Each structure stands twice: as C-alpha cells, then as structure tokens.
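Please look over the structure shown here with attention to how its parts meet. The report that follows takes up a helix pair, a chain interface and a pair of domains.

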Amino acid sequence: MTESKGCVLLLAGSPKPVEESGSAVRARTVIDGLEERGWASETVHLQTAVASDANTAELLAAVDRADAIILAAPLYVDSLPAPTLRALERIAAHRRDGALDQSARFVSILLCGFVEPSQNATCQLILERFAERAHLEWVGGVSLGGGGAEAFGKRRIRQALRLIVEAIDEEILLSFSVDELTEKPAMPSWLYVVGGNAMWKKAAKQHGAEERLRAKPYERPIA
Amino acid sequence: MAKVARILDGGRDDGVSTSRAREIAEAYLREKGWNVDVLRLAEIKIAPCMGCFGCWVKTPGECVIDDAGRDVARRVVQSDLVVYLTPVLFGGYSPELKKAVDRLIPNILPFFRRVKGEVHHVKRYARSARLVGIGILPDRNEEEAEIFETLVRRNAINMHAPAVESTVFCTTDIEETVVRRIEWALSEVIA
C-alpha cells in the first residue's frame, strides 16, 4: 500500500448533506485535486458532529489527524451557521487545552447567496481568528458569491480551486491570484436581481405560495 | 405606549458571563421608559436553520420548523429595539445567539435589490427594529472587537435596522467602563 502524502480534512459547514451543499461540492474539487497528488481525505459534517458528544470526539480526533483542513460553508447572516460556529468553538477549546504536536494548515471556502463574493469578508476575518485561536496555520480564505449560480465565472472558480490544491500540496500561502479570480461577481448585479427574483417567484409557485410571498404573519397589532 | 426592547442574550452559564451587561442594559432601558423583554437563548431550544428557504417559498414569513425559533422571530418583528448581547467568539457571536439570528430570515423577503452598491434582500415589514450589539471579550483584543462591530453593522444592513450601534468590553474592565459603554451604545440608537 502506498503511503499518502498527508491527510486533508473537509469540514462541511452547511446543514445540508455534503453532496447537496454548494460550498462542499466546490471544496470536493480541491479534495479531488489533492487525492490526485497522493493525499488521503476525510470528511466531517459539522452539524452532525455537534449533535452528540461521541460525534464531537470523532470530529476532534479527525482534526488532530489532519495535515490540512478545508472548511466549506455557506454564509448565514454575514457569518457561519450556528452549528458550524459551535463546532469551531469546540475545536478551538480542544486545541487550546490539548497537546499540540501538529499544526494543520487551514483554508476556508465560503459561498454566499449574494452575487458579491466580498460579502463574505467579515466571516473570513472570523475564520482567520478561529485559525489563530485553534493554533492552525492560516493559508487563506476563498470567497465565492452568487449561491449556486456561476453563469459567467465557472472557469475562474475552477482556476482558483486549483490554486488551493497547489497551496496545500506545496505548503505555500494562497496566491493573491485567487482573490483576483474570485473577487469579481459571476454576473452583473442587475442580472442577479432580475434572475433571482424570478427564481423566487417560480419556487413559491411550485409550492402554491406565490400569492402569499409578501405575507406578514408577525405584523404588530395596531395599538 | 411604551416602546419594546428585546435583549437576545447569547451567554451561557459555562462561558463568559453576560449577566452583568444584561442587568445594566435592562436597567437603563427601563429608566428611559422602555418595556424590556429578555430572551436567554441558552435556555431556549431552537433548531438550527436548515437553509431550505421554506420560510420564503413554502410558508412565507414563517419558518417551516415549528419551535421556539418562530416565537423569537415574531418577537423581533414586534420590537422597536433589538439588543444582541453575546460573548465575542472569534470576533463574532456565540452559537447561542447565532442560532436565533439564523432563524430571523423569515422576517425579510427573498427578493433582491441593490443597496449602496450591493445586493441585499428586500424588507418584509414596513418597520424594523433598531439594533445594538454588545460584545464581551474574555481578554482585550482590538482585532476581534473591530470584527464584532463590523458584523453588527453588516447585520443591520441585511435586517434593515434603521439605526445601529455596538460596543465591546472585556470581563476585566471596571464597572464604570462597562456601564458607560453600554449606556452610550443604547443612547445612540434610542434617542
């Protein structure tokens, strides 16, 4: 059996199953690239990991085994989903209290539902602070926008993901080229607004809720 | 009619305490004539947001999960001021506060519009609550304090808060400093 070059751990921060998560699917491209270069991989779904003490123990053991960690998550109200935060809090506490014989490299991939990748910026700062608190080596963060829509940006994103593979495999910092490749919105904002609004109406219609889209169920009673 | 303030307290017993800040904020707001409702989130079971968008396209305005998260969202809509009170975790909110904040998205519409050069969601309700963020750090950390203040401002844009302010203090700060900071932040938005 050939020995692997290292172990990369994918921390899937979306509450959705890994295969349905847009951020995890993009991270999977990086994992595939690393596997081609001889890396082994593991995946942990963070919402599941914080659901029980046993699952959390498995998460912490996986973190300790990893040579590189990729957190892939959607942006939820300018930050991470609550269970993902809880998992990161546990990891940081574990690494603060435990013996640190290994410092894994850490990369984040954030996917926001707005067209501008820059809306992930505050969350990337939070993740950089997490990396420091957890004694992980911050390699860099990749911010993607547009939810699942990449109408005009697929090639650029693929290139950016390839650069992450290189950064992890060759133990270098993430190239500034990644920012250049990903900072531009995948489509003009006016198009995203028009297309997105049509999509919401269509989705509501499929559920028979089109007429109630603007409902105000919690409107304050008039005094 | 007295205005309503909701304090979403994201502290928990085994972490950085929020009780002193909560008492200071509550006393100040009551003195100014506000009705104050405190939600101690660690004691409220709220399921995490699943990111299914059901609250936008299946049951518009209400989360598909029938639990206390709905009640928190309703109370936030029926507020004039919302206070996010939380230990600062990596510059952001505690998971306890965040589990409630994530469940507030039914309170905005799915539709997009451009606001100051960025795409954001459209308001669902004509009126939105003002927002104050109060963060508590276990030790002095300017970088995390700055991230926290940015996060509160970003949330205010996304949740359409008509006024926003935030403050961060350390558990080691003296009482006078803590009182001054909290009262200042609240006074900036309730004036």
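Is the crossing of α4(A) and α4(B) left-handed or right-handed?

## The α4 helix pair

In this predicted model, the crossing of α4(A) and α4(B) is right-handed.

## The interface between the chains

The contact between the two chains draws 45 residues from chain A and 43 residues from chain B. On the side of chain B that touches chain A, at least two residues each are supplied by α2 (54-57), α3 (68-77), α4 (95-102), β4 (108-115), β5 (118-123) and α5 (142-158). The largest share of that side comes from α5(B), with 8 residues, and by class the side of chain B has 22 nonpolar, 8 polar and 13 charged residues.

## The domains of chain A

Chain A is divided into domain 1, spanning 7-187, and domain 2, spanning 188-223, and the centres of these domains, taken over C-alpha atoms, are separated by 31 Å. Their contact takes 4 residues from domain 1 of chain A and 4 residues from domain 2 of chain A; the side belonging to domain 1 has 3 nonpolar residues, 1 polar residue and no charged residues.

How values were computed: Residues are numbered from 1 along each chain as its sequence is written. Chains are lettered from A and ligands numbered from 1 in the order in which they are written. This is a predicted model: local features need pLDDT of at least 70, side-chain atom pairs count only at pLDDT 80 or more; totals for chains, interfaces and linings use all residues. Domain bounds come from an automatic or database domain assignment. Two residues are in contact if their C-beta atoms, placed from the backbone, lie within 7 Å. Ala, Val, Leu, Ile, Met, Phe, Trp, Tyr, Cys and Pro count as nonpolar, Asp, Glu, Lys and Arg as charged, and the others, Gly among them, as polar. Helices (H or I, at least four residues) and strands (E, at least two) are DSSP runs, numbered from the N terminus. A crossing is left-handed if the near helix is turned anticlockwise from the far one by less than a right angle, and right-handed if clockwise.
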